[in-house]
Amino acid sequence: KHLVAHLDEQAAALGVDQVRISFPTVVGERPAVEVHGYLPLRHYGFRETNVVALLADLRCDEDALFANLERPRRVDISRCRASGGEVRPIETRDEWMRAYELNVQTLGGKAYSREALGVMWDRFVAEGHAIALGVYASGAPASVVLVTTVGTAAYYWCGFNAYPAPIPGTSTVALWEAMLLCKRLGIPIFELGSLEFDSPKQIRIGNFKTTFGLRPVYALGGVRRVRQVRGALLDVTRVIAVTLRSRIRRRDRGGDPAV
């Protein structure tokens, strides 16, 4: 109650249209949706904005964890290792900052700034709230991942890859080794991001993630409108955007765009 009142005060002062809150996906060693059953903030005027998160249970042994991977991912790991891929934690700020170019190659116009990468290291990795890991080919970084650690869970934050890949399978190995590192640190649950259903690119990324033998669960989140009329206009805009994207995908697949 006090948190919601504070958020309303801040929203009014800043002139925002709505307030969004995301719960941690994991509470203890269970998905939050299993612990709470529903979004507790519904009692305070929030409505659900749940996303589908992908969880790996790291409490089994490493052989069983490897067996949970789908065959293409196991092949990726074998090929990367056979090609000389080297995996190691990133231990210095300078080494992390050298990932800037991979970040640009991966994200293009949406790449993180050098300042943002610096904050990731200074406020998260250096303070023990995140782990950075790299896969190297002939001594040069080919893939890097950043994973945050919160209580009993680890959360994949971001990953950058060299294009073209110098050796095969580096992105798979980076994620796999991050999972193993968290397991060896005694962290029981690993979240590898979420499934998306509108953007073709994000759908492909989500399909790739599912091949790591993950369990889909709802991650609780909610939104509370501060200014009702503007919120309704935003809803209309979102519906139009989703409809247009769906029609474009159907057209590209050869379907009837008017359906």
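Predicted model: local features only at pLDDT ≥ 70, side-chain atom pairs only at ≥ 80, totals over all residues.
Which element gives the most to the lining of the second largest pocket?

In soluble globular proteins, nonpolar side chains tend to be buried together. Here, the largest nonpolar core has 31 residues. Leu58, Trp176, Cys182, Phe190 and Phe212 are the members with the most contacts inside this core. Two or more residues each come from strands S5 (51-57), S7 (130-137), S8 (140-150) and S10 (189-195), and from helices H4 (71-82) and H8 (170-184). Helix H8 provides the largest share of this core, 8 residues.

Arginine 73 is found in helix H4. With a relative accessible area of 11%, arginine 73 counts as buried, because the cut-off for that label is under 20%. Its contacts, leaving aside neighbours within four places in sequence, are Thr172, Phe208, Thr211 and Phe212.

Cysteine 80 is buried, at 2% relative accessibility, whereas cysteine 60 is partly exposed, with a relative accessible area of 25%.

Attention now turns to the pockets. The largest pocket holds about 970 Å³ of space. Its lining is made of 29 residues, and Tyr156, Gly159, Gln202, Ile205 and Lys209 lie nearest its centre. At least two lining residues each are supplied by H4, helix H6 (100-107), strand S9 (153-161), H8, S10 and helix H9 (200-210). Strand S9 contributes the largest share of this lining, 7 residues. Sorted by class, the lining of the largest pocket has 13 nonpolar, 9 polar and 7 charged residues.

The second largest pocket contains about 210 Å³ of space. It is lined by 13 residues, of which Ser22, Thr49, Val51, Leu220 and Gly221 are the closest to its centre. Strands S1 (18-22) and S12 (221-225) are the elements that give two or more residues to this lining. This brings back the opening question: S1 gives the most, with 3 residues. The lining of the second largest pocket divides into 7 nonpolar, 5 polar and 1 charged residues.

Technical notes:
Residues numbered from 1 in each chain as written. Heavy atoms only, no water. Core = buried A, V, L, I, M, F, W, Y, C linked by side-chain atoms within 4.5 Å. Buried < 20%, exposed > 50% of the residue type's maximum accessible area, 1.4 Å probe, protein only. Helix = DSSP H or I, 4+ residues; strand = E, 2+ residues; numbered from the N terminus. Contact = heavy atoms within 4.5 Å. 1 Å grid on protein atoms, 1.4 Å probe; cavity = no way out; pocket = protein on both sides within 12 Å on 5 of 7 lines; lining within 4 Å. Points joined across faces, edges and corners; volume = space filled by probe spheres on them. Nonpolar A, V, L, I, M, F, W, Y, C, P; charged D, E, K, R; others polar.
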